[in-house]
Amino acid sequence: MASSAPQAAVYDSQHRAITAGGFVKAGPVVFQDVAKAAGLTSFHHSAGTPKKEFILEAKGPGVCLLDYDNDGWLDIYLVNGANFDFLAGKSPAPHAALFRNNHDGTFTDITAKAGVANDRWGFGCVVADYDNDGYPDLYISNYGKNRLYRNNHDGTFNDVAEKAGVDVDKWSTGATFGDYDGDGRLDLFVAGYLQFDWKNPPKQDNVTPLMFCQYRGIPVMCGPRGMKGERDTLYHNNGDGTFTDVSKKLGVDNSAGYFGLGALFVDVNNDGKPDLLVANDTSQNYEFINKGNGTFEDKSVEDCYALNGAGREMANMGIAVGDYQNNGSLAVVNTDFSDDYDVLFQNDGTGYFTDVSYEAGLMKPTMPFVGFGDGFLDFDNDGWQDLLIVNGHVYPEADKHPEWGSTYAQRPLLFHNLKNGKFDLMPAVEGTGLAVVSVGRGAAFGDIFNDGKISVVINNMDGVPVLLRNVDADHHHWVELRLIGGAKSPRDAVGATVYLSADGIRQRQDVLSGGSYLSSNDMRLHFGLSDATDAGTAEIHWPSGAKETIKVPAADRIYTIEEGKGITGALCDGKPCDAAPSSANVKKN
């Protein structure tokens, strides 16, 4: 997994590895872990054994945010793993969990009623309304057959993956929905990791060369180097509930045999069409540029997304995208293994990337950590996107070798945007969310409490989840937009881009399905307004190609905007506002 030479260990003043140390007694409190109070700790992830002898036991799990019942509040889906006894038919698989938001800071486990337990070895999840019926559906990536849970509109789901033709019987990881051919229907991309035979797993004594089963000279699980990468799959949505595999035809099937983890449909060259990014472990990344005629062009190397600035392959895990410079172009952050750094790819607006990790202040702080989930978020609502990275080692052996300067469980990292292209690492104050040490994997970002602040839910390896509630002391204003596409766009508006001009700043947000690490975020678009009370003007670029400009009536509200109809609803403090705003403020461009 590692792709660079060992670096010098970093310790804090108490000689603790910085990955589980470096805490301060006082400072700004941004997050508090409220998972127990919220009722989420009844869920416990489990995968394999604590020793992690095989790579199958060390990846996953993802987490998804979705409003499954359309009540205006985000619910939480947590993926679970399994073990070799389950694969042998000797024991049941641990269940995944769907928690319904109770609107009061607590959640209720409704997995059994909803029918989404996924009694398979799960890894990731992604949310989208693939059938354009107005309700979010859920796709689960597994080792073995995947699931497509179709929302029945009554609080239950049916698995239609086999009928739809997207059950993919292999080791799947990151998945993402996007309308790549502009027909108004969401297509599905599923990354494959590697080919793993659980009946004959790779061990120290049966894999050559032996170096692929060592880290810093210590025997560890084998892979992914020395193993064969799994195929990636792109499914075209036929509009009748079925999909067709077009991955080989379009050249996005991973013919190079890389190890896919993160995947995201996102428009990186500002032409209004979703491109495809794939983060590959210990191998080159993929950047497939949408040519606008139903095909892609592989520009991974040409556009400098394949490798980091030093020309090295990375152990890529998660993908975060955001316009952190407020210049209208989406930058990308790929998380990486320890001894290397999490990479910030700056975008020139054409999809050409430059590694600015050092200049931005991310290189040195991230090198001791093993990064997984990540996301841009404006935690203090100042109008500039910050960055949070979730960490956790894959080798439990880290705790037995202090000379590594690392630990198995690790703390998250929060970087504050300094508004000049640089980030500052926020201090981890003792007893707060940034000082929580866990074996972090998937992370999903969203306004979970409908309070105008972005919180984060983390799914941990072999543990209970963490719910980082945003309790930052700022009193800045904000606005959020929930988009509903028209007849020629996906119903959930995946692929839409919004530019909000307010307080002298032009921010960009995109409606995306997937991202982070094997996870899916809040699809509502969040904009911090700093001290401005004028919520500004939203320029909406719909997936259909239509453009509309809407004056946003007021700050501190969550607006629903329908393509061609304008504002059709608003939430204030999580409840419908007293008076619905007029939609007469729509201007078609």
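**Close-up 1. Five strands make an open sheet in the order S34-S31-S37-S38-S39, with mixed pairing.** Strands here are DSSP runs (E, at least two residues), numbered from the N terminus, and two of them pair if DSSP finds at least two bridges between them. Strand S34 (525-530) and strand S39 (575-576) stand at the edges with a single partner strand each, so one side of each has no neighbour in the sheet. Look for strand S31 (residues 477-484), which pairs with S34 in the antiparallel sense over five bridges. Val-479 has Phe-527 in S34 as its bridge partner.

This is a predicted model, in which local features need pLDDT of at least 70, side-chain atom pairs count only at pLDDT 80 or more, and totals for chains, interfaces and linings use all residues. Residues are numbered from 1 along each chain as its sequence is written, and side-chain values use heavy atoms, with hydrogens and water left out.

**Close-up 2. Four strands form an open, antiparallel sheet in the order S20-S21-S22-S23.** The edges belong to strand S20 (319-322) and strand S23 (353-355); each has a single partner strand, so one side of each is left without a neighbour in the sheet. Strand S22 (residues 343-347) pairs with S23 in the antiparallel sense over three bridges. Here you can find Gln-346 opposite Thr-354 in S23.

**Close-up 3. Strand S16 (residues 259-266) is largely enclosed by the rest of the structure, because eight of its eight residues are buried.** Buried means under 20% relative accessible area (1.4 Å probe, protein chains only). S16 pairs with strand S17 (residues 275-281) in the antiparallel sense over seven bridges. To follow this pairing, find Leu-264 and its bridge partner in S17, Leu-277.

Notes
Buried means under 20% relative accessible area, exposed over 50%, partly exposed in between (1.4 Å probe, protein chains only).
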